[in-house]
Amino acid sequence: MIKVASQKVPAVPIFAAVLLALLSALMGVWIRMMQTSFGTWQQVYLRILLAGLIAAVVFRKSFTWDFLRLVGGRAWMVYIIRAIFAYVIGVGFFTIAVEHAQLGTVAFVSSLPILGLLAWVLFRERVKLATLPYIAFSIVGLVMLTGMNLANFSLGWGETAAIICLLGFDIGVLMSRYHRKSFSIYQNTTLLLLVGWVPLFAVSIASHEPIFPTHVTISGWVGLACSSVFNVVILYLINYVFSHLKAYVAGNLLLLEGVFALIIGFLVYGEVPTGVAMAGAGIILICGFM
């Protein structure tokens, strides 16, 4: 256990949240590798479908026909609604936001730590007053990290899509608490992935994308394989972290994704961060630790 501010915090979920932030940041690398070979919705539904098949094989001892017979109508609705929020609204409106707003603005809006607020609305989960200054300073760090110019912020279609994307992702994450307590994380992860690709496939078809790509580069295959595996691990970690940590704690720790993205951008793409961005990353690190 880690003792911070006179409270004992479970160490394993904390490290799991940090690992989740790192793996989420690495997803950007795999998506870039797939861009020239797959359509936007095509790559998303394919990697979620493959992730579901991988999970069904890896977790086959938990994911049995006996288990599927236990899944009732309410449980199916939770999986379907969660898949729509997390994948269709989250991924879809994030794509729209990137196409209609500046990247810095999208990165800032879609990373705002509002999980604590949503957890209070949905579950009446209280946020400790002592943590509010750290949440506020995290937002300052996020502004510096993303290069967001608040003076020029205007609520256009791109910015609105980023807000919708944020709500979609966060509600999808918190809906993990609606899963039946008798189901294991392995079962919830597998079933959500196997359900999640279906609405994405429907959107892909509605967008007139081909069912299968016509030409895939080696880089595209590597990106598809890695992103599929990462989707399994990421969803497992989401289900684990948000069943063991308060939402506002996990939400602030997930801001580390921006810090990891800064490091990955430098190491993989040679993108040199500015001094202001590095200072913002430092603020997020300190607030996450506190």
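Where does Leu-50 lie? Here are some friendly notes to read beside the structure, which is a predicted model.

1. Leu-50 lies in helix 2. With a relative accessible area of 33%, Leu-50 counts as partly exposed, because the partly exposed class runs between the buried limit of under 20% and the exposed limit of over 50%. Leu-50 also belongs to a nonpolar surface patch of about 530 Å², together with Leu-53, Ile-54, Val-57, Val-58, Val-229 and Val-233. Helix 2 (40-58) and helix 10 (218-241) each supply at least two residues of this patch. The biggest contribution is from helix 2, which gives five residues.

2. **Ser-24 and its neighbours.** Look next at helix 1 (residues 11-34), where you will find Ser-24. The side chain of Ser-24 reaches back to the backbone oxygen of Leu-20, at 2.8 Å. Leaving aside residues up to four places away in sequence, Ser-24 touches Ile-234 and Glu-257.

3. **A salt bridge.** Side chains of opposite charge can pair when their charged atoms come close. In this model the count comes to one salt bridge. Its partners are the side chains of Arg-69 and Asp-66, at 2.2 Å from N to O. Arg-69 and Asp-66 are separated by about one helical turn, because they sit three residues apart in helix 3 (residues 65-70). Both of these residues are exposed.

4. Most residues other than glycine have a negative phi. His-208 is not a glycine, yet its phi is positive, about 65°. You can find His-208 in the loop between helix 9 (185-206) and helix 10. Is His-208 buried or exposed? Its relative accessible area is 73%, so His-208 is exposed.

5. **Aromatic rings.** Searching the whole structure gives eleven aromatic pairs. One of them joins Phe-59 and Tyr-186: the ring centres are 4.9 Å apart and the planes meet at 55°, so this pair is tilted. The pair links distant parts of the chain, as Phe-59 is in the loop between helix 2 and helix 3 while Tyr-186 is in helix 9, 127 residues apart. Phe-59 is buried, with a relative accessible area of 14%, whereas Tyr-186 is partly exposed at 36%. Elsewhere, Tyr-45, Trp-197 and Phe-201 form one aromatic cluster.

Methods: Residues are numbered from 1 along each chain as its sequence is written. This is a predicted model: local features need pLDDT of at least 70, side-chain atom pairs count only at pLDDT 80 or more; totals for chains, interfaces and linings use all residues. Side-chain values use heavy atoms; hydrogens and water are left out. Helices (H or I, at least four residues) and strands (E, at least two) are DSSP runs, numbered from the N terminus. A polar contact is a pair of N or O atoms within 3.5 Å; within protein, one must be able to donate a hydrogen and the other to accept it, and residues adjacent in sequence count only if both atoms are side-chain atoms. Contact means heavy atoms within 4.5 Å. Patches are made of residues with over 30% relative accessible area and no salt bridge: like charges are joined within 9 Å, nonpolar side chains (Val, Leu, Ile, Met, Phe, Trp, Tyr) within 5 Å. Accessible areas come from the Shrake-Rupley method with a 1.4 Å probe; for residues, only the protein chains shown count as cover. A salt bridge is a side-chain nitrogen of Lys or Arg within 4 Å of a carboxyl oxygen of Asp or Glu. Buried means under 20% relative accessible area, exposed over 50%, partly exposed in between (1.4 Å probe, protein chains only). Rings of Phe, Tyr and Trp (its six-membered ring) pair if their centres lie within 6.5 Å; planes under 30 degrees apart count as stacked, over 60 as edge-to-face and the rest as tilted.
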